[in-house]
Amino acid sequence: KPSLIQKVTSVFLTQRKEKPLTELLHVLKEACDILSPLVQRIYDNLNDENTKIKKAGMTQFTIADGLVQHMLTAYLLREDLFEAVIGEEDSSYVNTLARPYTVDSLQVPYIYNDDIDYIRRQMTFLSAKLEGVPLYRDCTIFIDPIDGTKPFVENFGEHCTILIGVAIGGEAVAGLIYRPVRLDMDGVRAGDDIRFWVAGCKCENTAIGNLDVNGISKATLNVRTSEAPGFI
């Protein structure tokens, strides 16, 4: 018996002869490509105590967490395009419109201002690619901007990922795992051939990218198990 996801996707594919969820994954990957240099720069300057704090419960938080989620939710994954967009840092207040830019109580160092301006423009441009797709109105997007903030601040950035999941009707249908810090698993700066991302959508028979999973946490990889059968 076809699931709700299969029925909705089948109707849409019949009408448009496209793979809308796969197209969404490509846009999300492109967005992560745009965000990655900023995350790398923040990681390279983690000795600056003004870029990180400990929140309630002593959990680690950096400006990278706040900026990645904000750039995705405020400028790319607009609320008028999707049913809902839910992020791990939804309680954070981020200002990227008026300088000095801020993330909660942290003032973003001026050296990142131009990066933020560039990313804001690019995300706004990318969002146009997501317009006019009825299926997206049924999608809920889940974002973990920096999965592994503790290793991120402890200089193990190669273990950190940006996680984005897509659900329809409460069922996982697609997802992306992306490593924004381009290091190999020994912490050495990697070349262009590094396997740093993977994405998939089972209902559209899509499996793209290539991820070096050594050292990636089991929690991250659970999206590829029976807990999220729609991913790959």
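Let me begin with a contact between two helices: Leu 67, Met 71, Leu 72, Tyr 75 and Leu 76 of helix H3 meet Ile 116, Ile 119, Arg 120, Met 123, Thr 124, Leu 126 and Ser 127 of helix H4, where contact means heavy atoms within 4.5 Å. Sorted by class, this contact of H3 with H4 has nine nonpolar, two polar and one charged residues; here Ala, Val, Leu, Ile, Met, Phe, Trp, Tyr, Cys and Pro count as nonpolar, Asp, Glu, Lys and Arg as charged, and the others, Gly among them, as polar.

Before I go on, please keep in mind that this is a predicted model, in which local features need pLDDT of at least 70 and side-chain atom pairs count only at pLDDT 80 or more, while totals for chains, interfaces and linings use all residues. Residues are numbered from 1 along each chain as its sequence is written, and side-chain values use heavy atoms, with hydrogens and water left out. Helices (H or I, at least four residues) and strands (E, at least two) are DSSP runs, numbered from the N terminus.

Now to the geometry of the helices. The axes of H3 (residues 63-76) and H4 (residues 113-127) come within 8 Å and cross at roughly 40 degrees, the axes being lines fitted to C-alpha atoms, for helices over the stretch in contact, and the angles running from 0 to 180 degrees between N-to-C directions. That makes H3 oblique to H4, since angles under 35 degrees count as roughly parallel, over 145 as roughly antiparallel, 65 to 115 as roughly perpendicular and the rest as oblique.

How do H2 and H3 meet? Their axes come within 10 Å and cross at roughly 150 degrees, and that makes H2 roughly antiparallel to H3. Residues on the H2 side include Val 27, Leu 28 and Ala 31, and those on the H3 side include Ile 63, Ala 64 and Leu 67. By class, this contact of H2 with H3 has 14 nonpolar, no polar and no charged residues.

H2 also packs with H4, at an angle of about 175 degrees and with the axes 11 Å apart, which makes H2 roughly antiparallel to H4. Among the residues making this contact are Glu 30 and Arg 41 of H2 and Asp 115 of H4, and by class it has ten nonpolar, one polar and three charged residues.

Let me turn to the sheets. An open sheet of six strands has the order E3-E7-E8-E9-E10-E11, with mixed pairing, and two strands pair if DSSP finds at least two bridges between them. E3 and strand E11 (206-211) stand at the edges with a single partner strand each, so one side of each is left without a neighbour in the sheet. Helix H2 (residues 20-44) packs on this sheet, touching E7, E8, E9, E10 and E11, and H3 lies across E3, E7 and E8. Strand E10 (residues 196-201) runs antiparallel to E11, joined by six bridges, with Ala 199 opposite Ile 208.

Another open sheet, of three strands, has the order E4-E5-E6, with antiparallel pairing.

Last, the aromatic rings, which pair if their centres lie within 6.5 Å, for Phe, Tyr and Trp (its six-membered ring), with planes under 30 degrees apart counted as stacked, over 60 as edge-to-face and the rest as tilted. The count comes to three aromatic pairs. One of them, Phe 82 with Tyr 136, is stacked, at 5.6 Å centre to centre and 25 degrees between the planes. Phe 82 lies in the loop between H3 and strand E3 (84-87) and Tyr 136 in the loop between H4 and strand E7 (139-147), so the pair ties together parts that are 54 residues apart in sequence.
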